[in-house]
Amino acid sequence: MHYDIQLGFLAADAISEFSRAAKTKEPANYEAFLEQSTSYCREFRSLHSRPAETDISAAMPKPVADFMRAVVKTRPPTPAVTVKLEAVGAVEKLLQSIREEQRQPSDDECLRIARTIYSTSAAEPR
Amino acid sequence: VGGSISHFGRLASVPLDYLVRLESAVRQSEIWSTGSEYQAIRNRIIDICEACKAKIFNEAPLFHRIYATAGEAGSNEALSEAEELAVRAVLRSTAGTFTVLHELLLFLPRESIRRELRDYCECLFRGEYDSSKISLILTSLFNAFEYSLDDVMRFLEADVFKFKIPNPDAESAFGAVMELAIVDRNNPMAWAVLAHEFGHFLDNRAGLTKRAVEEFGAKMNTTLPAEIVRALERLCKEIVADLTGYYLQGPCSIIPLANMSMLIGCIQDTPIKFDGEHGAPTTRIEMIRALSREDGIDISSLDGLLGALVAEEGQKETQLAADEQANRKLMHGFLTNFFDVVRPVIVEELGKHQLPRFQSGSFARGLQLSNNLASGLPIGAARVHSEESARAALLATKGPDPPAIREKYYLLEERAVSVAEVITAACIHRFQTMSELYGRAFDAGSGTQAFSIIAAGHESQDRLVFKSIDMIPMLEAHSASPG
């Protein structure tokens with residue numbers, strides 16, 4: 001199985017902040033939770049993201065675009081990673097909207113974020 | 001995901017235990033091989049362990065509460081969902097960090113096994129263990145193995161090997177190899193896994209699997225196609241090994257598998273599958289429970305760990321798609337039935353070898369010895385006569401009569417116990433003291449202190465077990481000598 005230590009640390013940090021926020025209800029803890037969650041999502045994406053067809057712009061020189069297409073074909077993400085990327089993408093959107101609205105996340109939102117971080121940090125069996 | 005607070009205590013002890021052991025193995029290797037060429041890798045492993053420990057200690061109040069409550073009988077207090085996620089996340093991170101770092105031990109010099117482990121094998125496997133035919137080494141994979149080195153040689157294609165090695169087709173030029181995870185070098189509780197691995201060695205020599213599968217075919221009253229026979233043989237090899245483990249080491253033979261599965265379970269969200277050879281851990285645990293029940297062995301002192309693993313795996317199974325759940329049930333049913341059919345043949349075959357069988361009396365003695373271990377005493381020997389009968393006989397002497405009392409000194413005789421009983425006592429003692437040790441650790445003022453307490457707790461228990469195993473061959477030789 002593949003396990004990434006750094007990603008695991010970020011997941012533990014974010015969920016730990018969630019637990020603290022749920023207990024104290026302090027804005028600083030919620031803020032730390034949002035920050036850590038954002039860091040986790042960023043790390044997850046950089047670790048698992050593969051170039052997709054949509055990353056190849058029309059303005060790209062043909063040899064580069066062909067090369068990119070070949071890369072896309074040779075390294076497709078596994079179905080499990082695709083599902084996780086979607087889940088992390090949804091959490092990123094939620095985090096962004098909370099930030100834009102400059103508010104504290106609700107209990108349900110916190111739980112949703114924490115659960116997604118936990119489930120996406122699992123290693124996949126070989 | 002529900003679960004009582006005591007459930008999390010059992011769950012947490014495995015990754016915490018292994019992280020502490022890993023760090024101690026790396027620090028120890030620094031003492032005996034000081035070469036600077038290993039410094040970078042050692043430093044990095046230690047740094048990561050420290051970072052992981054800091055994250056665990058961030059949750060110290062939660063762990064303290066878990067272990068304080070876990071020690072209270074019948075506690076059903078539950079964690080809040082946020083707390084549960086926090087505990088699970090930190091355990092996932094600990095278990096994941098441990099498994100990755102353990103593989104990095106490949107880059108450090110490989111240590112040899114402990115002398116006490118050799119004694120354990122010689123005492124447990126008796127005449128069947130011949131160190132000229134089987135090597136015992138440590139591996140950087142967190143697992144245990146048995147394989148034929150001759151088979152490995154046959155796969156080697158490099159010309160240099162073709163010319164240098166003896167003819168690999170000659171009978172057993174290199175013999176077999178048993179491998180134990182590096183981290184378990186100083187962990188006597190984990191040595192029980194070698195009873196399972198030795199079962200593979202015995203099977204390869206004595207053909208237990210072949211006979212058992214033939215018997216299965218005969219009972220089914222049908223001729224099985226060659227492909228099915230091969231599939232059944234793959235299954236049966238693991239059953240033979242599990243049964244040998246139980247035959248020699250009793251119910252504690254399953255503890256290393258339970259610990260390993262608990263660690264893997266922390267890291268992944270899906271239950272551990274049947275892999276075509278090894279049944280799912282829950283199936284194998286059920287087999288051991290059934291054997292213990294039939295042998296009149298009450299394993300309630302070990303069942304906390306086994307129960308926690310079964311509960312975790314069961315919970316994950318409910319998250320699977322309906323067809324996957326049905327498939328798991330089908331495999332479980334087939335394996336347990338297959339086990340019931342082949343078991344008598346395998347046990348009969350094992351009985352033909354000069355091997356010491358673990359029985360209900362062995363477990364009872366293990367339980368008794370765990371009390372001595374708790375008093376800080378080595379347990380390599382035990383009284384032949386009970387305390388009560390010795391006391392009664394000595395007090396029955398009328399008046400002060402030293403010669404008559406001296407004649408009864410034989411009532412205080414001690415004899416070597418079996419290594420299987422020592423390991424059983426060690427496992428029981430570990431489970432009994434776990435909550436107290438971890439509760440005390442998470443009550444400490446700093447992470448450094450907390451993990452020092454855990455490491456010191458393990459070391460003092462392990463030292464007593466090493467001492468106990470160390471004295472057994474000498475005591476056995478003494479008992480066997482005439483006069």
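Reply: The largest cavity has a volume of about 140 Å³. A cavity is a set of points, on a 1 Å grid over the protein atoms alone, where a 1.4 Å probe fits but cannot get out. Grid points are joined across faces, edges and corners, and a volume is the space filled by probe spheres set on the points.

Me: Before we go on, what kind of model is this?

Reply: This is a predicted model, in which local features need pLDDT of at least 70 and side-chain atom pairs count only at pLDDT 80 or more, while totals for chains, interfaces and linings use all residues. Residues are numbered from 1 along each chain as its sequence is written, chains are lettered from A and ligands numbered from 1 in the order in which they are written, and side-chain values use heavy atoms, with hydrogens and water left out.

Me: Which residues lie nearest the centre of the largest cavity?

Reply: They are B:Ser13, B:Asp17, B:Met189, B:Arg430 and B:Phe431, out of 14 lining residues; a lining residue has an atom within 4 Å of a point. Helix H1 (5-32) and helix H18 (419-441) of chain B are the elements that give two or more residues to this lining. Helices are DSSP runs of H or I with at least four residues, strands are runs of E with at least two, and both are numbered from the N terminus.

Me: How many cavities are there?

Reply: The count is 6 cavities of 30 Å³ or more. The second largest cavity has a volume of about 80 Å³. Among the residues that line the second largest cavity are B:Glu238, B:Asp242, B:His278 and B:Arg284.

Me: What about pockets: what volume does the largest one have?

Reply: The largest pocket has a volume of about 1,500 Å³. A pocket is an open set of points with protein on both sides within 12 Å along at least five of seven lines. The pocket is lined by 48 residues, and the closest to its centre are B:Phe142, B:Asn143, B:Met260, B:Asp275 and B:His278. H8(B) gives the most to this lining, with 6 residues. The lining has 22 nonpolar, 13 polar and 13 charged residues.

Me: Changing topic, how many residues are in contact between the chains?

Reply: In chain A, 22 residues are in contact with 26 residues of chain B, contact meaning heavy atoms within 4.5 Å. About 2,100 Å² is buried between chain A and chain B, and carbon and sulfur atoms give 65% of it. Buried area is the accessible area (1.4 Å probe) that two parts lose on being put together, summed over both. In chain A, A:Tyr3, A:Phe9 and A:Tyr118 lose the most area to chain B, together 32% of what that side buries.

Me: How many salt bridges are there between the chains?

Reply: There are 3 between chain A and chain B, each a side-chain nitrogen of Lys or Arg within 4 Å of a carboxyl oxygen of Asp or Glu. One salt bridge joins the side chains of B:Glu59 and A:Arg20 (3.8 Å, N to O).

How values were computed. Nonpolar A, V, L, I, M, F, W, Y, C, P; charged D, E, K, R; others polar.
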